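I opened the model to look up a few side chains and their surroundings. The entries below follow the order in which I consulted it.

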Amino acid sequence: FSVGMSIGCDSATLHSFRRLNPRLALLPLVTIAGTLAGSMASSLVLPHRTLSDCLALGSGMGYYSLSSIFITGIAELSLALALLANILRELAALLLAPFLARRFGSLAPISVGGATTMDTTLPVITRSVGPHYV
């Protein structure tokens with residue numbers, strides 16, 4: 001609520017949103033598709049986990065608490081496994097952001113970080129891609 005109010009009341013932020021390329025609205029959709037595709041690929045590498053198990057773990061999109069809600073119905077999956085999957089995603093964003101920005105473009109580190117791009121990985125991503133994308 002607070003973030004929405006601060007963005008809504010700041011006319012400079014609203015004007016900067018209007019100047020953005022409309023294709024940037026596809027970034028969340030591409031991030032979701034990539035996350036689910038990676039989750040599906042991980043089910044091929046982890047034969048002891050089913051496709052639905054891997055999709056449940058990946059569907060948290062970097063939110064630690066959301067992942068645990070998704071897997072509460074699956075007794076075999078522990079909360080620690082969901083936490084580990086999200087921490088690895090966050091670490092990848094922290095450690096690989098400069099490389100990803102140079103190799104794949106400015107939006108790649110934002111997509112890799114998932115939900116963490118607006119909190120813990122934000123400083124590294126800002127340093128890697130610049131304040132314009134933040």
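Entry 1. I began with a polar contact: the side chain of Arg 89 pairs with the side chain of Thr 35 at 3.1 Å. I count as a polar contact a pair of N or O atoms within 3.5 Å; within protein, one must be able to donate a hydrogen and the other to accept it, and residues adjacent in sequence count only if both atoms are side-chain atoms.

Entry 2. I noted the basis of the values. The model is predicted, so local features need pLDDT of at least 70 and side-chain atom pairs count only at pLDDT 80 or more, while totals for chains, interfaces and linings use all residues. Residues are numbered from 1 along each chain as its sequence is written, and side-chain values use heavy atoms, with hydrogens and water left out.

Entry 3. I placed Arg 89 in helix H6, residues 79-104; helices are DSSP runs of H or I with at least four residues, and strands are runs of E with at least two, numbered from the N terminus. Arg 89 is buried yet has no salt bridge. Buried means under 20% relative accessible area, exposed over 50%, and partly exposed in between (1.4 Å probe, protein chains only). A salt bridge requires a side-chain nitrogen of Lys or Arg within 4 Å of a carboxyl oxygen of Asp or Glu. The nearest side chain of opposite charge, Glu 90, is 9.1 Å away; Lys and Arg count as positive and Asp and Glu as negative, with His and the chain ends not counted.

Entry 4. I listed the contacts of Arg 89 (heavy atoms within 4.5 Å). Leaving out residues up to four places away in sequence, they include Thr 31, Met 61, Ser 111 and Val 112.

Entry 5. I then turned to helix H3, residues 27-45, which holds Ala 37 and also Ser 39. Why is Ser 39 classed as buried? Its relative accessible area is 6%. Beyond four places in sequence, Ser 39 touches Cys 54, Leu 55 and Gly 58. Ala 37, by comparison, is partly exposed because its relative accessible area is 42%.

Entry 6. I returned to helix H6 for Phe 99, which is partly exposed because its relative accessibility is 41%.

Entry 7. Of its 134 residues, 30% count as buried.
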